[in-house]
Amino acid sequence: MKRFDWAFLMGLLGCAGLIACGTPGAPLPPALELAKPVTDLRAARKGDKVFLAWTVPVHTTDHQTIRHPGITRLCRGLKIEIGDCKTPVAEIAPALFPVPAFNLKKGSPPKIQASYTDTLSRQLLTQDPTAEITYAISVLNNSGRSAGLSNRVQIPSAPALSPPEHFSAEVRRDGVLLSWVCSSATASVDPRIGYRLRIYRREPGLADPGLPNPRTKSATRIADANFMNCSQPQFLDQTFEWEKHYDYLAAVVTVVSSPGKPEVEVEGDDAPAPSVFTHDIFPPAVPTGLQAVFSGTGQSPFVDLVWSPDTEADLAGYDIFRREEGAQPVKLNPEPVKTPAYRDTSVQPGKKYFYSVSAIDERNNRSAPSEEASEQVP
């Protein structure tokens, strides 16, 4: 009789019980690869366009790198809270915002900025001018599943007016005159709604596309005019600098006022931007009130001149001219005189002198000479 192998029996019992003996355990569920919900969705409106931007997620909810991204659904509604996104207004393919390969061990993942422009229908904008339109996005995996909606953002739903017609700019002595054709035919009669004409000034070439508005960083807001006042549809810009190129932009701003709430603004589309070069060819005003007074008793003779000061901001000074009877005027000062007074110490006894003064600005524009003042030297 063969002897029983107890060691072999114990091995069989162990494999039949809790000892693994190389046999695989329960299979792990497949990775869903659900993208982390977006948390930085932002929106801004201009006319009937809404500019949306967000950072493309690169990690899953399991803190893994997304390998097979799906579409991004854009959700929109008039309710403050959006519960789901079963009827999206747009579906954005992942190929539009590809995420480059990266090594997490060597640094942070790249930040890819995505953007989308949504166009609002007239029907949506006329439902309730005091309401807000809510946006959210949902990033799906390649099986059409999502980990949830992004943060919600709201923009006002009030309708915007068309830009003003024939918006123009003209350089004048006292500033750049902006004018337009006033039209209130499409304005709302709702007492909660008002309108302003917002005017901006920008140096050419400084427009930078982006969110919220392609020109808010590069343009200077210079006025909010009353768009509904058609008695004088113009504005004089006096805050510019001479010898520069400028573009002027104007848009009608719809202002919604509701009891107990802050004002809400919706800026419409821009009018075609007129361009100007603020070349200063305008001389200062002609000096007035010139007087000449002789003095010299007990001292060397001289003639004092005084006149009313010019008030131009770019005034550089004055030039003083003197002539004798029948002769041409001669300038007396080598440099512009800064104050409205001058003493002529080069007079000679027995002569009559005729004086005039011209104002000169910082760009050497000279006014016509003032009326003459005469004085007899004894």
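1. Buried is used here for a relative accessible area under 20%, exposed for over 50%, and partly exposed for what lies in between, with a 1.4 Å probe and protein chains only. The model is predicted, so that local features need pLDDT of at least 70 and side-chain atom pairs count only at pLDDT 80 or more, while totals for chains, interfaces and linings use all residues. Residues are numbered from 1 along each chain as its sequence is written, and side-chain values use heavy atoms, with hydrogens and water left out.

2. Cys 182 lies in the loop between β9 and β10 and Cys 230 in the loop between β11 and β12 (234–237), 48 residues apart; strands here are DSSP runs (E, at least two residues), numbered from the N terminus. Cys 230 counts as partly exposed because its relative accessibility is 38%, whereas Cys 182, at 19%, counts as buried.

3. In the other disulfide, the sulfur atoms of Cys 75 and Cys 85 are 2.0 Å apart, and the S-S torsion is about -110°, so this disulfide is left-handed. Both cysteines count as buried, Cys 75 at 2% relative accessibility and Cys 85 at 11%.

4. A nonpolar core is taken as a set of buried Ala, Val, Leu, Ile, Met, Phe, Trp, Tyr and Cys residues joined through side-chain atoms within 4.5 Å. Of the 26 residues in the largest such core, Phe 167, Leu 197, Ile 199 and Tyr 248 touch the most other members. Strands β9 (175–181), β10 (193–202), β11 (219–226) and β13 (245–256) each supply at least two residues of this core, and β13 gives the most, with five.

5. Four strands form an open sheet with antiparallel pairing, in the order β19-β18-β21-β22, where pairing requires that DSSP finds at least two bridges between two strands. The edge strands, β19 (330–331) and β22 (373–376), each pair on one side only.

6. Asp 280, in the loop between β15 (275–277) and β16 (288–295), is buried because its relative accessible area is 4%. Its contacts (heavy atoms within 4.5 Å) include Trp 242, Asp 314 and Arg 363, not counting residues up to four places away in sequence.

Definitions and conventions. Disulfide = S-S within 2.5 Å.
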